[in-house]
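Please keep the sequence and the 3D view open while reading.

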Amino acid sequence: MIEKIKTAFFLFIPHISLSNIAIMFVFKSQVHLLVMNQENGVLKHYIRKSAENETRKETTFPHVVSNEELQEKLHDPDSFVLDVREPAEYAFGHIPGAVSIPLGELENRMAELPKDKTIYVVCRTGTRSDLAAQKLAENGFDRVRNVIPGMSQWNGPLDSAQS
């Protein structure tokens, strides 16, 4: 059975030569290590799954709004739309006025975000925005909403200008 991967982060760690490779990744809140090495012309794979004490329970952000609810808030001066998709995704079309901060840059760019407004976090499907919303809440942002299902089903206005 193949499970859908919601979120996975990969770290490539080369060792002595290209025949010895280690890849660390996170899947379902567990750290795994995949080691590949070549012995006598045979490529061998080893997977080290994280121990129980190295995991944390997978959670989802509790405060969500629908695309339609966000559309109603777009002209509210108390609303701030944060798009955490990658720049190329953003360039193909985004909610007018949305600020682009890719998920991977969020930690270092939180100072750019207003704590006195409601932040509506959007991505393509709601997965990255869920992670971003959790990260914002952990860092003192108490007015955060994850927008579900996100841009994959957005029927509101679109802009293709860069912010």
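1. Overall make-up. This is a predicted model. The protein has 163 residues, and 34% of them count as buried. Its secondary structure comes to 4 helices and 9 strands. Along the sequence these follow the pattern β-β-β-β-β-α-β-α-β-α-β-α-β. The accessible surface is about 10,300 Å², and carbon and sulfur atoms account for 55% of it.

2. Contacts along the chain. Take the contacts between residues at least 6 apart in sequence: 55% of these join residues at least 24 apart.

3. Five strands form an open sheet in the order β5-β9-β8-β6-β7, with parallel pairing. β5 (64–66) and β7 stand at the edges and have a single partner strand each, so one side of each lacks a neighbour in the sheet. Note that the order in the sheet has β9 standing between β5 and β8.

4. Strand β6 and its partners. On one side, β6 pairs with β8 (residues 118–122) over 5 bridges, in the parallel sense.

5. Burial of β6. Is this strand (residues 79–83) enclosed or open to the outside? Buried means under 20% relative accessible area, and 5 of the 5 residues of β6 are buried, so the strand is largely enclosed by the rest of the structure. The cover is on both faces: S79, V81 and D83 are buried on one side, and F80 and L82 on the other.

6. Helix α4. What covers part of the sheet? α4 lies across β6, β8 and β9, and runs at about 175° to β9. Its buried residues are S129, D130, A132, A133, Q134 and L136. An α-helix has 3.6 residues a turn, so residues three or four places apart point the same way. The buried residues of α4 pack against β6, α3 (106–109), β8 and β9. The length of the helix also checks out: its 12 residues should span 16 Å at 1.5 Å a residue, and the end C-alpha atoms are 17 Å apart, which agrees. After the helix comes G140, whose phi is positive, near 90°.

7. F141. This residue lies in the loop between α4 (127–138) and β9 (144–148). Is F141 buried or exposed? F141 is buried, with a relative accessible area of 6%. Leaving aside neighbours within four places in sequence, F141 is in contact with M110, L113, P114, K115, I119 and L136. Of these, L136 is also among the buried residues of α4.

8. T118. This residue lies in strand β8. T118 has a relative accessible area of 11% and is buried. Which side chain does the side chain of T118 make a polar contact with? The partner is the side chain of R143, at 3.2 Å. Beyond its neighbours within four places in sequence, T118 is in contact with D78, S79, F80, R143 and R145. S79 and F80 in that list are buried residues of β6.

Definitions and conventions
Residues are numbered from 1 along each chain as its sequence is written. This is a predicted model: local features need pLDDT of at least 70, side-chain atom pairs count only at pLDDT 80 or more; totals for chains, interfaces and linings use all residues. Side-chain values use heavy atoms; hydrogens and water are left out. Buried means under 20% relative accessible area, exposed over 50%, partly exposed in between (1.4 Å probe, protein chains only). Helices (H or I, at least four residues) and strands (E, at least two) are DSSP runs, numbered from the N terminus. Two strands pair if DSSP finds at least two bridges between them. A polar contact is a pair of N or O atoms within 3.5 Å; within protein, one must be able to donate a hydrogen and the other to accept it, and residues adjacent in sequence count only if both atoms are side-chain atoms. Contact means heavy atoms within 4.5 Å. The expected span of a helix is 1.5 Å times one less than its number of residues. Accessible areas come from the Shrake-Rupley method with a 1.4 Å probe; for residues, only the protein chains shown count as cover. Axes are lines fitted to C-alpha atoms, for helices over the stretch in contact, and angles run from 0 to 180 degrees between N-to-C directions.
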